[in-house]
Amino acid sequence: MTDSNLTSATLNFDPDTLREKYRIERDKRLRPDGSAQYQSIDGEFSNYVDDPYVRGVPTRAPLEDDIDVVIIGGGFGGMISAARLLEAGIEHIRIIEKGGDFGGTWYWNRYPGAACDTESYIYLPLCEELNFVPKEKYTHAPEILQHCQNIAQHYDLYSRACLQTQVSGMSWNDSKKRWLIETDRGDAMHARFVIMSNGPLNRPKLPGIPGITDFKGHTFHTSRWDYHYTGGSSEGNLDRLADKRVAIIGTGATAVQCIPHLGAAAKSLHVFQRTPSSIDIRANRPTDSAWAKSLPEGWQKARMENFNALTSGRIVEEDLVMDGWTEIIRNLISMANYRGKDIDPREIPKLMEIADFQKMEQIRARVDAIVEDPKTAEALKPYYRQFCKRPCFHDSYLQTFNRPNVTLVDTQGQGVTSMSAHGVTANGQTFEVDCVIFATGFEVGTAYTRRAGYDLQGRGGLRLSDKWAKGLKTLHGLHSRGFPNVFFMSTAQAGFTTNFPHAMDESAHQMQYIIGRCLNEDIAAIEPSQAAEDAWVQEIIGLSRISESFQAECTPGYYNNEGQPNPTSTQNSAYGKGPIPFFQRMAAWRDEGSMAGLERS
Ligand code: NDP
């Protein structure tokens, strides 16, 4: 393929015109305050993160006992870790969870329409262990939460859980080789090992706009949906909104799922948009029960690995999942890989860009085909490369803008500018409403310990917030020197895959192996050697696939630190060779058997 094949005549679009349009749209949205634009939820805003799903806090005596493994976080990561430890006979474990039940993201996010975007057969953990196949290809939040509760029952996690408990601090006692874990319930428990599974998107944020506290109507954040006010459930039917004028701020992946339900129920709905999401076909379908019954042993792992291979850019014979995610990647690599073997490698970025333009043209054409009002349709078209923002998939979001009670307030990239007693202001116009729903997402890129909600004081009083102030320092993303026996469940400096639970399970196997060895061999403490940690950090930096120029050209968002250069992004990135080599490397590390890079005491 040569440049002559990539002209506007052969492509039906002009790449230069699109490039320029993308640049103009990005520039409109760049702002000097970057991530600092947001209002964090604390102080007078703390009520936005109150738990709406529990009534009161049951009393219990503070705990001061000694536990083998404490897992902080009862979401997917914490549950998978617990399951793998229990399977290895490591039973003296405890899970500390802020919420009133297991589920993590799926405990908190119960907004109407919430559903998984990754195929549920590979996204829901431990399906085979529970002999369970979800009832839809993209199953909805209630079934996911129920599955979490089933996992907790199956592995007897409830008897090992401290629910509605928030860790307030952790410190290492080097002579006792124990962590002291303190909580808001007065606990001062001791643990040999601690698994930190706090979740990457657990701290909601609000727009930092003047007048937000002046508004006299009702407000809430999507991650704490107020069904008492709206009526209905995760399935919709928000009957109490029938006489309400509702505003929703934000049009990210969360808003895309709940807006169809708001549009169907509210007297009026104003959708305040700063940047449109890309909305591809969802094509959900019920699970074929005959197919579910026919699944052979090992099906879930095989399917996860097939998806992971495809989304990592590997060519595999069969695409088992066949969905929007694998299509995205297939399209992106097809031009680069499949169109003959004579492609000059220097051409690949350009071909990938063309494949991206083609996909986004298709997404924009879909808007025109669905949205009746041409002005609204134009405003709903995303002009940026597909992975600048989280791709979305929905079959009734765009249709919602054809409803007479629904108005898109396109803010031309500027966002809502203020709120007052009775309304929301954007584009210099105030819209009077009864209720404002913040679909404004979660903190990303703020300090790890801030998002965790507590700091760790390691050996010699070293604070994790200080050690990681200028970037993460770990071995395998899992251990950090000075913090013995702590395991970080994260994709930073570790394997990243679009299907997070897959990476979590790989980490859980690594932790199962190391903790098992320590308990069996009476190893009191492990931590990475300085040399091993330094080498790993250097390797991560050297392999980083974070393309500064790709990020800089993207429209602002949490993927690119709101459009500002991030000095830590290269160091905090995932293992650059991709998830498959990372998982293989961890397996080889276990097989080798010396626990290379870890110092023992
Ligand atoms: P996002 O951070 O993706 O979206 C926040 C939205 O708020 C953006 O549209 C943003 O606009 C907008 N916004 C912020 N400030 C203003 C303002 N002042 N005025 C107007 N709009 C504003 O949060 P989400 O909760 O939607 O999604 C977070 C992540 O959660 C997703 O990326 C995904 O990883 C995950 N998720 C997964 C789902 C699934 O698997 N099914 C479903 C939902 C979420 P702008 O784009 O211009 O910044």
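**Entry 1: the cysteines**

I looked up C554 first, and at 2% relative accessibility C554 is buried (buried means under 20% relative accessible area, exposed over 50%, partly exposed in between, with a 1.4 Å probe and protein chains only). The model is predicted, so I kept its limits in mind: local features need pLDDT of at least 70, side-chain atom pairs count only at pLDDT 80 or more, and totals for chains, interfaces and linings use all residues. Residues are numbered from 1 along each chain as its sequence is written, and side-chain values use heavy atoms, with hydrogens and water left out.

What does C554 pair with? I found a disulfide from C554 to C388, S to S 1.9 Å (a disulfide is a pair of cysteine sulfur atoms within 2.5 Å). I searched the whole structure and got 1 disulfide. The link of C388 and C554 has -75° about the S-S bond and is left-handed.

I then placed both ends. C388 sits in the loop between α13 (374–379) and β13 (392–393), and C554 in the loop between α19 (548–553) and α20 (579–592), so the bond ties together parts 166 residues apart in sequence. Helices (H or I, at least four residues) and strands (E, at least two) are DSSP runs, numbered from the N terminus. C388 is buried too, at 4% relative accessible area.

I noted C116 as buried at 1%. C518 is buried as well, at 0% relative accessibility.

**Entry 2: the ligand**

I turned to the shell around the ligand. Of its 25 residues, A115, T254, T275, K389 and Y558 come nearest (near means a heavy atom within 4 Å).

Next I checked polar contacts (pairs of N or O atoms within 3.5 Å). A side-chain N or O atom of T254 is 2.6 Å from a ligand oxygen. A polar side-chain atom of Y558 also lies 2.6 Å from an oxygen of the ligand. For G252, a backbone N or O atom is 3.3 Å from a ligand oxygen. The ligand alone exposes 930 Å², and the protein buries 89% of that (Shrake-Rupley method, 1.4 Å probe).

Which helix gives the most to the shell? I found α8 (residues 253–265), with 3 residues.

Where does the ligand lie? Domain 1 (66–203 + 444–600) and domain 2 (204–277 + 389–438) both give residues to the shell, so the ligand lies between them. The domain bounds come from an automatic or database domain assignment.

Technical notes: A polar contact is a pair of N or O atoms within 3.5 Å; within protein, one must be able to donate a hydrogen and the other to accept it, and residues adjacent in sequence count only if both atoms are side-chain atoms.
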